[in-house]
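Me: I'd like to go through this structure with you, beginning with a charged pair and moving on from there. Can you take it step by step?

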Amino acid sequence: MADINTLPLTGLRVIDLGDGKAEMCGRLLADLGAEVILVEPPEGMAARRKAPLVAGESLHFASHNANKKSVCLDLTSAQGKAQFLSLIDSADIVIETAKPGDMAALGLEAATLRERRPDLVVLSISDFGQTGPYRDYQASNAVQLAMAAVLARSGIAGNQPLLPPGELALETTAVQAAWVVLLGYWQKLQTGTGNSMDFSVLEATAQVIDPGLGVTGSAAAGRSANELAPYGRPPVGFLYPIFPCADGHVRICVLNPRQWQGMCGWLGNEHAFTDPKYGNIGERFKVIKDINALIAALFAGQAADDLVIEGQRRGVPIAAVATPTQVLENEHFNARGAFVEFAVGGQLGKMPSGYIEIDGQRIGPRNAAPARGSDNGLLAAIKPKQIAPVTGSAGRRPLSGIRVLDLGVIVAGAESGRILADQGAEVIKVENTAFADGLRQTSAPGVAISQSFCQGSRNKKSFGLNLRSPEGIAIFHTLAKDADIVLSNFKPGTMESLGIGYEQLKAINPRIIAVESSALGNTGPLAKSMGYGPLVRAASGLTGLWRYPEIDGSYSDGITIVPDHFAARVSGVAIMAALIRRETTGIGARIAISQAESILNLLATPLLRESLQPGSLKAMGNKIEFSCPGGVFPCAGDDMWCVIDVDSDAAWRRLCGLMQNTTLAHDARLSAAEDRLQHRDLVEAAVAEWTAQLGATEVMERLQAAGIKAGKMQRLSDFDENPHLHARKFFRHFEQPGFPTVLQTENGPVSFSDLPDPEICPAPFQGQHTRELAGSLLGLNAEEIEKLVASGVLEVMKENEFITG
């Protein structure tokens, strides 16, 4: 585990009022070395009592508040408020998750805190934001998934929609919140001015899990999320099929022609699909059912481990669908130190050891979550920080002046560069036609650039460079001398073999920050395995949990893109921390991100529980484990649903009143939450009978008006009509040369703050900016550039590239 003195955010003080929402935001900052101080009421945060419990201790609180400190203050009293304001005087960042208006009622809203300390960064995290028609709505993880159009695309055609496992909405948005608040702090370092950031969990959920307006995987052949699942759920095995084998299941990801060649040879020489045309993904989709039937027959009698070995030998991306037990015992994960022993409730369990590695050190939990008020003593030793002088314009984009060499491909690679470009960085996509980015492929005739590529590479420049030549490597070294960040997501060892690994770049530029994102991490016995998101989900246990427990083989993560968009935000958090450290040390960093371990950390609490209570982590389907009623309920109309999450006795009584169901209200068996869980079928059948008579919007509005967490299942096709998203400035539009229509896209990661909105510029054609950059960055004249183009070292855009459909 990392030495606290070398952690990048050492010296940063964060006041954390996050209670039960996005707590991992503060823990990520604490993992990275910040002093994160929980401010709790005298009785302690409600999160301390959140199920599941072991020996009376909350596993959620334990896993989400490691490395933090705790002080107890009564913010309704004059003394407590005065002590809190003294803490603010010593702080750099405040994170609060109160309901909109609650901090203002205490006289502690962002504007008041910023008036006291203009350089303070205040991150206000709420379910739907501080403004908009849904401002006062309440949500849970499941409600967010419904309203952000994730639920509508999860599951199998012909069945009810399926809640994804774990708390994906809350966990992924916590990382986006950390990315946002570090952007705000970086801006403060550059300008001296703080920030008030109004962060909505709904908007972040719609951006980070399966964004309707974001990048889709290569198997989508350039199609948008709306084209893939415009209304209902996909058929089983739609894109990344799973096949039964002798001792479980395996998944394959056959995407490019080389991979199909390997799979084609594995099937033998006598099948009907040996024609080279089937190397094209579009041609294979036309006959995919027949191809999958052949693969199923081939795999049926073989063991999963044997299939994985043979697939890797043939160049076919493949992974076993792991169970939670297999995940915790996985040789690769344990060899990498992906889990750490963690004590809770007097027992020793295993918990994921953190999202990030920096300079070879694991960045994760070092200390247990604090006891209530254990650090009250620090209140007597508070020293105010000097207010930073204003040195720059708050209207600048935070990453202006930062240069990024972007070697990233497919979704995780595209997003890692795109989120930096949106914030003002000069992102140069270094690419070559011989090893083209899979996102550039498109199945649409007459369209020169795919919609998916446009979404993931907006605001970037393209530099065509052959890195398989000595001259190309020399040019990359020259570019690296003045670059700040290098992004890659190749198989571990690839950068070193090319001569552009971190140590090689560091010798050229000690300030360089190199980010390596890979499927299974850059060390360990399986580090060099081929990996894609669907395989990562299988290996990390997420696929096995994402199914209907009552339907065999109903794996339902076929069109999700987890963890790519999310892993890009993890990279963003690490990059910002490294940039902040570089301000004082002048030294860059080597950052390593494992996409599989990103998923493990999403499941931190369930995996900790599984290690303590084997068998507890299993597919839950549409049951919210500790809420009753809690799940997905039918509404009037075709395939209309509403999520309802009743997590308190008071909410239960209000629900009975709305339903006018005196039988349930007076049933002594249902008066307490634990009793209702014992009679879940009875309770939820009655609720379903009531909701089925009403429209989904009416159910949501009536329950929300009564203070009950509920959300209509929205589809991507509903987004354009969503008044709240429009009020929150969620949408932007841009014109893309080579694409026939104006493209709708998402705005920035936080709708309302003192940061400027991203400037949305088109994505580049391959090699579009080669000549320009070769002149401005390399100092080459026109003759020198054309010689390098003629020799194949540089590549430029084809003259007829700008065509429209």
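Me: Is Glu 786 buried, partly exposed or exposed?
Reply: Glu 786 is partly exposed, because its relative accessible area is 34%, where buried means under 20% relative accessible area, exposed means over 50%, and partly exposed lies in between (1.4 Å probe, protein chains only). This is a predicted model, in which local features need pLDDT of at least 70 and side-chain atom pairs count only at pLDDT 80 or more, while totals for chains, interfaces and linings use all residues. Residues are numbered from 1 along each chain as its sequence is written, and side-chain values use heavy atoms, with hydrogens and water left out.

Me: Which residue does Glu 786 meet in a salt bridge?
Reply: The side chain of Glu 786 meets that of Arg 771 at 2.7 Å, N to O, a salt bridge being a side-chain nitrogen of Lys or Arg within 4 Å of a carboxyl oxygen of Asp or Glu. The pair links distant parts of the chain, with Glu 786 in helix 33 (residues 782–790) and Arg 771 in helix 32 (residues 770–776), 15 residues apart. Helices (H or I, at least four residues) and strands (E, at least two) are DSSP runs, numbered from the N terminus. Arg 771 is partly exposed too, with a relative accessible area of 41%.

Me: Switching topic, what is Gln 207 in contact with?
Reply: Leaving aside its neighbours within four places in sequence, Gln 207 is in contact (heavy atoms within 4.5 Å) with Gln 176, His 565, Arg 569, Phe 730, Glu 746, Asn 747, Gly 748 and Pro 749. Gln 207 lies in helix 8 (residues 201–208) and is buried, with a relative accessible area of 2%.

Me: What about the largest nonpolar core, how many residues does it have?
Reply: It has 146 residues, and those with the most contacts inside it are Leu 29, Leu 123, Ile 356, Leu 420, Ile 485 and Ile 591. Such a core is a set of buried Ala, Val, Leu, Ile, Met, Phe, Trp, Tyr and Cys residues joined through side-chain atoms within 4.5 Å. Helix 7 (residues 168–191) supplies the largest share of this core, 14 residues.

Me: Which residues does Leu 420 touch?
Reply: Not counting residues up to four places away in sequence, Leu 420 touches Trp 179, Leu 399, Val 404, Ala 425, Val 427, Ile 485, Leu 487 and Ile 575. There is also a second, separate core of 28 residues, which includes Leu 465, Ile 512, Leu 778 and Ile 785.
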